[in-house]
Amino acid sequence: MSGRAFQHFTFSSSQYFDDRGPHGCAQPITERINPHSRPIVSYYSPKGVGEQHYGEHHPMKPHRLTLTNALVFGYGLDKQIHYIYNPRPATQEELEAYHDHDYIEFLSRVTPHNQGEMKNLIDTFNCVEDCPIFADMYDFCRMYSGGSLAAARKLCAGTTDIAINWSGGLHHAKKAEASGFCYINDIVLAILEMLRCYPRVLYIDIDIHHGDGVEHAFYHSNRVMTVSFHKYTGDFFPGTGKLDDNGTGLGKHFCLNVPLQDGIDDDMYLTLFKTVIDDAVTAFRPSAIVLQCGADSLGCDRLGAFNLSIAAHGECVNFTRKYGVPLLVLGGGGYTIKNVSRCWTYETAVLVGAAVPDELPATIYDPFFRDSQWKLHPPITGKVDNLNTAASLQRISISIRNKLRYLQGAPSVQMQEIPPDLAGWLESEERSREQKDEDRGTSRAGERREDRSIARNEFYDGEGDVDQDDVGHAPSSSSGRARGATSGRRARGGRRGRGRGRGRGASSSLSKEVVDDDSDDSASVTPTRARGRGRGRGGGRGRGRGAKALDKEREKGTPMPEDEESISVDMEDGPSTSQADANDNGSKQDDEMDAS
Ligand code: V1D
Ligand code: CA
């Protein structure tokens with residue numbers, strides 16, 4: 001059956017979220033339980049980021065961000081998101097909070113036209129093959145980094161509980177080197193910002209690739225715990241992330257790696273994810289969490305080889321959300337772009353606590369989703385043999401539990417709730433004031449909040465993609481079909497309590513705060529089913545104490561005040577492990593596969 005009639009009532013094999021509204025747009029699922037328990041969610045969508053191109057044959061397609069926005073808005077999820085921002089691009093100074101000045105200078109200067117003259121630097125900074133020089137590459141970097149920085153600052157200000165930037169999550173970039181499609185490591189920049197107000201940040205990475213850039217940046221730190229789930233066979237990019245890479249110095253035991261083999265399925269992945277993350281949260285007690293949601297861990301990914309469904313990927317997000325800790329949610333990899341946009345749309349719904357029907361909303365991208373019958377959850381699993389065994393996974397989870405025993409009972413880990421960086425705290429206070437000004441419409445500096453009705457139209461205006469190998473572009477013949485009514489709703493200015501020191505159980509504190517509910521949310525943008533589907537038609541700010549300054553002092557061997565004040569765990573007298581940590585030494589689908 002190729003038509004769409006009646007299909008919105010048939011849903012989903014998902015065992016994780018079975019309560020989806022039948023009306024074609026998002027329905028709140030938590031409101032019936034407790035209208036005050038819904039978190040404040042902020043959504044960062046840098047204008048123009050989805051129009052960038054790595055090159056015709058490159059698998060990274062920023063257009064997936066445009067598709068994601070089309071589905072998010074098509075479902076009417078924008079009405080359930082409290083704040084939607086077009087963040088300002090990061091400044092050079094902000095990028096240099098982590099990256100080397102010479103590298104940023106290079107990125108800001110190199111273009112496709114002058115690259116012939118800069119051959120040596122191009123090699124030095126690894127801007128070849130995986131990381132090509134493309135038009136507006138530096139602007140692209142500033143856009144996605146600006147989104148993650150603005151999101152981190154809003155979390156620090158305590159004016160949001162969850163911040164989403166699907167354009168961020170570029171976890172491979174190094175201090176002075178591009179790597180694996182990543183030029184600037186927006187995650188490191190965002191975590192550095194969050195460390196100004198949160199004592200401990202847990203970083204979770206569900207991209208199929210190892211989160212090496214983030215791990216490397218915080219390998220010596222006990223204030224950031226990094227946990228990456230990834231395919232590890234030795235030759236799969238980037239080739240790092242074995243089970244016994246644990247961190248070093250103060251950071252020893254604050255780095256966890258979960259190396260997996262091809263074909264891992266929903267049940268195995270979720271069992272392992274929940275066990276590992278629960279153990280990590282119990283031991284580390286993060287004051288904030290950063291979740292990198294690379295969608296190349298889905299089944300049928302063009303570069304990946306796992307078997308995850310969108311429901312299971314989303315359940316990782318849901319499970320993380322439920323800790324009630326301030327949460328920064330980022331994108332990452334993902335190369336079957338229809339599935340990436342479905343996945344991140346579904347995860348946006350999960351984060352706002354909305355149920356969305358399995359039938360995709362009508363958008364100008366309808367022809368692109370036709371072959372999967374416009375489903376949000378098409379069958380994408382079971383295409384790759386599962387090489388993981390119950391025994392191999394048990395070995396991993398036991399090993400990780402044993403590593404985390406080194407952290408148990410460390411008083412400084414569990415009890416330090418005062419941010420050590422007072423200067424950062426004071427700056428955050430200043431930012432909170434700025435935020436309030438913005439909420440009043442008297443913003444002086446920083447990110448630009450967009451009125452929703454403007455933002456809605458922006459996502460649909462001027463789309464067009466000349467990358468002919470990618471069929472997900474707006475067909476010109478169907479323009480206007482997806483333009484929903486503008487809601488005219490203004491973002492709310494509700495000031496939330498500061499997020500610091502919440503630790504676990506923050507969700508209960510959220511429920512105590514008075515939240516201006518969606519009463520001003522009057523105009524509906526429910527996609528109109530009567531329109532039918534076109535069938536077969538068209539195809540900063542300077543940091544008080546920069547990370548670089550810290551690095552330089554450490555290189556010199558100077559004891560740092562932060563080191564003294566920050567969490568310190570005696571590694572040498574940790575508990576003996578009952579089982580030695582195991583070292584797990586641990587296909588690519590050539591074409592972008594259709595999900596259906
Ligand atoms: F298939 C390709 C076609 C064109 C250009 C690159 C690729 C490609 C596929 N896989 N490149 C890779 C990986 N690179 C290598 C190199 C071969 N050299 C010896 C190394 O295997 C890079 C994969 C990057 C994955 C990025 C990511 O998904 O993790 C991501 N996360 O956030 C953003 C991207
Ligand atoms: Ca990963």
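Reply: **Helices side by side**

In α5, Tyr-144, Ser-145, Ser-148, Leu-149, Ala-152, Arg-153, Leu-155 and Cys-156 meet Asp-186, Leu-189, Ala-190, Glu-193 and Met-194 of α6 (contact means heavy atoms within 4.5 Å). Sort the residues of this contact and you get eight nonpolar, two polar and three charged (nonpolar is Ala, Val, Leu, Ile, Met, Phe, Trp, Tyr, Cys and Pro; charged is Asp, Glu, Lys and Arg; the others, Gly among them, are polar).

Quick housekeeping: this is a predicted model, where local features need pLDDT of at least 70 and side-chain atom pairs pLDDT 80 or more, while totals for chains, interfaces and linings use all residues. Residues are numbered from 1 along each chain as written, chains are lettered from A and ligands numbered from 1 in written order, and side-chain values use heavy atoms, leaving out hydrogens and water.

Now the geometry. α5 covers residues 137-157 and α6 covers 186-194 (helices are DSSP runs of H or I, at least four residues, numbered from the N terminus). Their axes sit 9 Å apart at about 20 degrees (lines fitted to C-alpha atoms over the stretch in contact, with angles from 0 to 180 degrees between N-to-C directions). That's why α5 and α6 count as roughly parallel (under 35 degrees; over 145 is roughly antiparallel, 65 to 115 roughly perpendicular, the rest oblique). The crossing of α5 past α6 is right-handed (the near helix is turned clockwise from the far one by less than a right angle).

Notes:
Helix = DSSP H or I, 4+ residues; strand = E, 2+ residues; numbered from the N terminus.
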